[in-house]
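Here are my notes on the model, point by point. Please read them with the structure open beside you.

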Amino acid sequence: MKNLKIFISILFLLSVVGCQNNSKSESYVEFTHINVFNNFPIPKNVDEVESTSTHVSFEIKKDHEIINNTYIRQLLKDGWTMTAVNFGKTYFISKEENSYLLIITKTNNESITSITIKTR
């Protein structure tokens with residue numbers, strides 16, 4: 001009986017550790033920078049949807065909340081200042097003499113997030 005309790009405890013611990021590792025990998029977002037917008041950070045593995053001289057739009061196969069939270073951390077880490085216009089969706093971002101409007105929205109597909117960066 002004692003061995004059974006130990007075995008069940010080990011299985012429980014392994015399942016908890018396994019779940020934690022999965023959620024961490026799902027929430028991890030790696031960033032790169034785009035030169036066109038003065039090295040503004042964007043998540044890697046985005047699909048460019050539209051690009052003009054005044055804005056660029058991307059989509060990424062990640063949850064909106066994950067993208068929103070990791071984007072805020074990355075911008076602050078890179079020294080950008082931000083003001084939320086519509087928290088969780090629209091932000092004014094600036095660094096030195098560069099200012100942008102960052103729009104992060106859900107798409108019809110819950111697992112895809114849309115990102116638009118506009119010059120100000």
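1. Start at Glu 96. Glu 96 sits in the loop between strand 6 and strand 7; helices (H or I, at least four residues) and strands (E, at least two) are DSSP runs, numbered from the N terminus. Phi of Glu 96 is near 55°, a positive value in a residue other than glycine. With 75% relative accessibility, Glu 96 counts as exposed. Here buried means under 20% relative accessible area, exposed over 50%, and partly exposed in between (1.4 Å probe, protein chains only).

2. A word on the source. This is a predicted model, where local features need pLDDT of at least 70 and side-chain atom pairs count only at pLDDT 80 or more, while totals for chains, interfaces and linings use all residues. Residues are numbered from 1 along each chain as its sequence is written, and side-chain values use heavy atoms, with hydrogens and water left out.

3. Asn 38 also deserves a look at its backbone. Asn 38 has a positive phi of about 55° and is not a glycine. Its place is the loop between strand 1 and strand 2. Asn 38 is partly exposed, at a relative accessible area of 39%.

4. Six strands form an open sheet in the order 3-4-8-7-6-5, with antiparallel pairing. Two strands pair if DSSP finds at least two bridges between them. Strand 3 (47-51) and strand 5 (81-86) stand at the edges with a single partner strand each, so one side of each has no neighbour in the sheet. From one strand to the next, the twist averages 20°.

5. Strand 5 and strand 6 pair in the antiparallel sense over five bridges. Thr 81 stands opposite Ser 94 in strand 6. Helix 2 packs on the sheet and touches strand 4, strand 5, strand 6, strand 7 and strand 8. The direction of helix 2 makes about 160° with that of strand 7. Axes are lines fitted to C-alpha atoms, for helices over the stretch in contact, and angles run from 0 to 180 degrees between N-to-C directions.

6. Which residues touch the most other members of the largest nonpolar core? They are Phe 40, Tyr 71, Leu 102, Ile 115 and Ile 117, out of 22 residues. A nonpolar core is a set of buried Ala, Val, Leu, Ile, Met, Phe, Trp, Tyr and Cys residues joined through side-chain atoms within 4.5 Å. Elements that give two or more residues to this core include strand 2 (40-43), helix 2 (64-77) and strand 8 (113-119). Helix 2 gives the most, with four residues.

7. Two residues show the packing. Not counting residues up to four places away in sequence, Ile 117 touches a set that includes Ile 34, Phe 40, Val 56, Tyr 71 and Leu 102. Contact means heavy atoms within 4.5 Å. Asn 68 is found in helix 2. Asn 68 is buried, with a relative accessible area of 5%. Leaving aside neighbours within four places in sequence, Asn 68 is in contact with Gly 88, Lys 89, Tyr 91 and Ile 104.

8. Next, the aromatic rings. Rings of Phe, Tyr and Trp (its six-membered ring) pair if their centres lie within 6.5 Å; planes under 30 degrees apart count as stacked, over 60 as edge-to-face and the rest as tilted. By this rule there are six aromatic pairs. Phe 40 and Tyr 71 have ring centres 6.4 Å apart and planes at 45°, so the pair is tilted. Phe 40 lies in strand 2 and Tyr 71 in helix 2, so the pair ties together parts 31 residues apart in sequence. Phe 40 and Trp 80 form an edge-to-face pair, 5.0 Å centre to centre with 65° between the planes. Both Phe 40 and Trp 80 are buried. Ring pairs link Phe 31, Phe 37, Phe 40, Tyr 71, Trp 80 and Tyr 100 into a cluster.

9. Last, charge. The structure holds one salt bridge, defined as a side-chain nitrogen of Lys or Arg within 4 Å of a carboxyl oxygen of Asp or Glu. Lys 44 forms a salt bridge with Glu 30, with the closest N and O atoms 3.3 Å apart. Lys 44 is partly exposed, at a relative accessible area of 35%. Glu 30 also counts as partly exposed, at 40% relative accessibility.
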